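Let's take a friendly walk through a protein model together. Have a look at the structure below, and then we will begin with a pair of helices.

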Amino acid sequence: MSAATGGRRGAVVVASNRAAAGVYEDTTGPLLVDALRSWGLETADAAVVPDGDPVGHAVADAVASGVAVVLTTGGTGISPTDRTPEVTRPLLDRELPGLAEALRAAGVAKGVPTAVLSRGLAGVARSTLVVNLPGSRGGVKDAIQVLADVVPHAVDQLAGGDHAGPDHPGPQASA
């Protein structure tokens, strides 16, 4: 368990009308649950909900429960039912546009030009990191690679951690 994430919890919300209706089994949520667990966050199985308002309710409930990280998958594209960014934005106190852009750039770098069509957001709601990811397995795998280096640090920062470390020695004693 990472010192930065020790004892903290994560949550995964899957936005999918078809998976929520039992038409098929979601395969992206388990990838994200496994990633959060590997980063030291206690994480229950993914909540699978229909697109739109149910996603916003699930994210809001997770934030209210005090989780350190909420990762969503699905609903970030441009189809008429893709509404994850619209229901996430009102919950965020601060957006992290650099993180959202890095996630899109990772997809493009892997040869997926349509990654630029993802409208996923990243931000902070209370003291919770919230990140919208695409609903494809490939997009989720690419995102996990980006998030692996970011989530533990972000969780530590949101819990009041300092920047001290080998690259950032922290405040200098005044003379």
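The axes of helix 5 (residues 97–109) and helix 6 (residues 137–147) come within 9 Å and cross at roughly 130°. Here, axes are lines fitted to C-alpha atoms, for helices over the stretch in contact, and angles run from 0 to 180 degrees between N-to-C directions. Helices (H or I, at least four residues) and strands (E, at least two) are DSSP runs, numbered from the N terminus. Before going further, please note that this is a predicted model, in which local features need pLDDT of at least 70 and side-chain atom pairs count only at pLDDT 80 or more, while totals for chains, interfaces and linings use all residues. Residues are numbered from 1 along each chain as its sequence is written, and side-chain values use heavy atoms, leaving out hydrogens and water.

Why look at both an angle and a distance? Two packed helices are described by the angle between their axes and the distance between the axes. Helix 5 and helix 6 are therefore oblique to each other (angles under 35 degrees count as roughly parallel, over 145 as roughly antiparallel, 65 to 115 as roughly perpendicular and the rest as oblique). On the helix 5 side, the contact (heavy atoms within 4.5 Å) is made by Leu 99, Ala 102, Leu 103, Ala 106 and Gly 107, and on the helix 6 side by Asp 142, Ala 143, Val 146 and Leu 147. Sorted by class, this contact has seven nonpolar, one polar and one charged residues (Ala, Val, Leu, Ile, Met, Phe, Trp, Tyr, Cys and Pro count as nonpolar, Asp, Glu, Lys and Arg as charged, and the others, Gly among them, as polar).

Now step back to the whole protein. It has seven helices and seven strands, and from the N terminus on they run β-α-α-β-β-α-β-α-β-α-β-β-α-α. Of its 175 residues, 45% count as buried (under 20% relative accessible area, with exposed over 50% and partly exposed in between, using a 1.4 Å probe and protein chains only). Among contacts between residues at least 6 apart in sequence, 77% join residues at least 24 apart.

Finally, visit helix 2 (residues 28–38), where Pro 30 lies. Leaving aside residues up to four places away in sequence, Thr 28 touches Val 14, Thr 73, Gly 135, Ser 136, Arg 137 and Val 140. Pro 30, at 41% relative accessibility, counts as partly exposed.
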